[in-house]
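This report is a first guide to the structure shown below. The sections take the strands, the cores and the chain contact in turn.

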Amino acid sequence: MTAAPAPVHVLAAAAPADLRDRPGVDVRLQGLTRRYGSLLALDGLDLDITGGEFLALLGPSGCGKTTALRAIAGFDRPDGGRVLVDGRDITDVPASKRDMGMVFQAYSLFPNLNVAENVAFGLRVRHRGKAERARRAGELLELVGLADRADRYPHQLSGGQQQRVALARALAVAPQVLLLDEPLSALDAQVRVQLREEIRRIQLELGITTVFVTHDQAEALSVADRVGVLRSGRLEQVASPSDLYERPATVFVAQFVGTMNRLPARVVDGGAEVLGVRRPVAGDVPSGGPVLALVRPEALSVTADAAGPGRIVTRTFSGAVSRLAVALPGGVEVQVDVASADSQDLTPGTAVTVGLAERPVLLAPPEPA
Amino acid sequence: MLLVLGVYFIGPIVASVWFTVRRVGGGVTATYYSAIPGADGFADAFLRSLLLAVLTVVLVLLLMIPTVVLVELRLPRLRPTVEILTLLPLVLPPIALVVGVRSVLSWAPDYFYGTPLASAFYALQQPSLPWILVLVYGVLALPFAYRALDAGVRGVDLRTLTEAARGLGASWPRVLATVVVPVLRTSVLNAAFLTVALVMGEFTVANILGFTTFPTWIVQTGGEHPQLSVSVSILSLAITWALLLLISALDRRRPTEEAT
C-alpha cells in the first residue's frame, strides 16, 4: 500500500497560540572561523539575522553554508568567533541546551517511534506530561497536515511526509530559532515547491527566526526575506531576493544567482559599450579596455530582422515565457527571455537583431583565453 | 551439493539424538532427558554459565556500543585500529590468553599479599561466580560483538539521528538509550546472541582456570554417563536455536509496509 501525499487544503491549520506569541530572537554570527585540515570552511563570517526573519544561506558546494548552520545549532564548534542569540553568547553551550529546532537534509525521524512519538520526543526529554505531549503532537501534526498519520512509522511515510513530521518535531519544543539544512533536496520537484511554501507559511504564522540553507537559488529567492550568498566561507552579499537579483554586489553573486549572459564590451568614457550601444555601469568601472558585460536574459530583446547579425539556435518553451538561444558574431551565444505569446515567429534559424534594455550593466574582467 | 552439506551437518546431530533415545533391546526412551534436571551438578553449572553469559553480554554491550558510536561519529580515523584490536582475540590462541590470565592472577599471593588488590584478585576467582571469566569472555566476544554492532551502525545514518536527538535536548546517555540502542536493536540482539553462544560453549578457559561451568560439567559427566552428557549437549543446541529464532521473531515485529 502506498502513502498518498497530503493534499494542500489540509495544511492550513492554525499554529498553537503559545508558539505564535513568542517573539523572534536576533541571531548574530561574529567572525566565525572553522578549518578542516587545510580547508577553510568559514573565514571570519559575520552575519546579523533579525528576530522573526527568514534568512536563506545560498552558495555552491563547500562554501560553508552548512558549517555555519551547524555552528548555530551547536553541532560544530567554530575555531574562532562567536554565536549570539538574543544577545547571549552561546558559542560554548552544548547543542542539547540551545533551544533550537532543526530539520535535516537526510530523513531524521527515529525509526523506532511512530509519528506522534517522534513529534513529542523533545517534550518527553523535557519531562512534559503524557497529556501535554499528546496535545502538542496533535496540534503540530494538524499544522503540517498529517494528523491522520499519527500512528504511522517513518518507513510508512513518503519523503515529503517525513520532512513535514521533522518540521513538526522541530517546532514542538517551541524553539527560539528554526534551522533548516536543505530539507527539500531529497524530494521530487512538485513536493519540494509545495513544502517550501508550507514552511514559509508556518514561519510567517509563528514569526520564528529561521535560517534556511540551500544550494537551490529558486528555493532561496522564493521563500526568504533576505538571502546571504556565501563563497569560500565568506559572505559575498546579504540582501532581499529582488536586490540580490537586480543589484548583485559582486560578479560572483551576479553569475551565481539566476542566468547571466556574458557579452563582450568596452569601457568608454566611464560607461560601457555593449552590442553597439552605450549604457551606464553599475558598480565599479574598470580602467579601460575589453571587459565582459553581465546581462540578464530578460534585459535583452530580440527582433526578427532578415539582415540582423544574430540567428536563433534553440527555443525553449516554459509557459508564459520562452527562452531563446541566439548565436551572435564572434562565437558569442546569448540567452534571451521573450513572452511566448508575442514571439511565435521567432523559431530556430530566424535571423534577428538583439537589443539591450536601458539600464546599467555590471562589468567583469574578461575571461582568460 | 546442498544435500551433501545437509547430511554433513545434520548427520551427527541425528546420530547423537539416536544415541540418547535408543533403548537397549529396542524401542526409544526419554530417560536421559528426564534425568537432566536432577543430574548431580547440572543446575549449578547451567545457572552459573547462564549468569556468566548475562553478565558478559552486559559488559560487552556497555563497552562496545559507546565505542562503536564514538568511532562512527567522532573518531572515524580510529576505525582500522579498533578493528585490528577487536580481531586480536581471534588470532591469539585461548590457551595463550588463559596462561597469561593465570600468571597475572598469581600475582595476588606473590606480590600483593595483604593489600586490597589481592582481595580484589581473590574476589574475581570465587567459584560460585568467577568474575574473571566474565572479563575473559568479554575479551573473547569482542570480535563478534564489534562486527555485529559495526554492521548495524553502517546501515543507518547515526550522525543525523543522534544530532536530531541532541538538538531536541537529549543528553548523550539518553541519546544512547532512546535512539542508538533501539535503532541498532537487531545488531544488539545479534551481538548478545553471539556472546551467549560463546559463553555457553566455552570450555578451554574455564577448564584451565579450574571453574565448573556448563561445558566443563558436560565433559566431566561424559566419562560416567555418556548418554546423559550427549543429551545435555543436544538440549543446549536446542536452546541456542530457540534463542536464534527468538531474535528473528523480535526483529520481525516491526511493520513492513513501505510508502513511495
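## An antiparallel sheet in chain A

Strand E1 (residues 27-36) of chain A and strand E4 (residues 80-85) of chain A run antiparallel and are joined by five bridges. Strands here are DSSP runs of type E with at least two residues, helices are runs of H or I with at least four residues, and both are numbered from the N terminus. Two strands count as paired if DSSP finds at least two bridges between them. A:Leu29 has A:Val83 in E4(A) as its bridge partner.

This is a predicted model, in which local features need pLDDT of at least 70 and side-chain atom pairs count only at pLDDT 80 or more, while totals for chains, interfaces and linings use all residues. Residues are numbered from 1 along each chain as its sequence is written, and chains are lettered from A and ligands numbered from 1 in the order in which they are written.

The open sheet consists of four strands of chain A in the order E2-E1-E4-E5, with antiparallel pairing. Its edge strands, each pairing on one side only, are strand E2 (39-49) and strand E5 (88-89) of chain A. Helix H2 (residues 65-73) of chain A packs on the sheet and touches E1, E2 and E4 of chain A. Contact means that C-beta atoms, placed from the backbone, lie within 7 Å. The direction of H2 makes about 115° with that of E1(A); axes are lines fitted to C-alpha atoms, for helices over the stretch in contact, and angles run from 0 to 180 degrees between N-to-C directions.

## A parallel pair

E6(A) and strand E7 (residues 177-181) of chain A run parallel, joined by four bridges. In this pair, A:Gly101 stands opposite A:Leu178 of E7(A).

E6(A) is covered on both faces: A:Met100 and A:Met102 on one side are buried, as are A:Gly101 and A:Val103 on the other. A residue is buried if 20 or more other C-beta atoms lie within 10 Å of its own, exposed if 12 or fewer, and partly exposed in between.

## Nonpolar cores

A nonpolar core is a set of buried Ala, Val, Leu, Ile, Met, Phe, Trp, Tyr and Cys residues joined through C-beta atoms within 7 Å. The largest has 140 residues, and those with the most contacts inside it include A:Val119 and B:Ala145. Helix H8 (residues 131-154) of chain B gives the most to this core, 12 residues.

## Where the chains meet

The contact takes 25 residues from chain A and 20 residues from chain B.

Terms used. Two residues are in contact if their C-beta atoms, placed from the backbone, lie within 7 Å.
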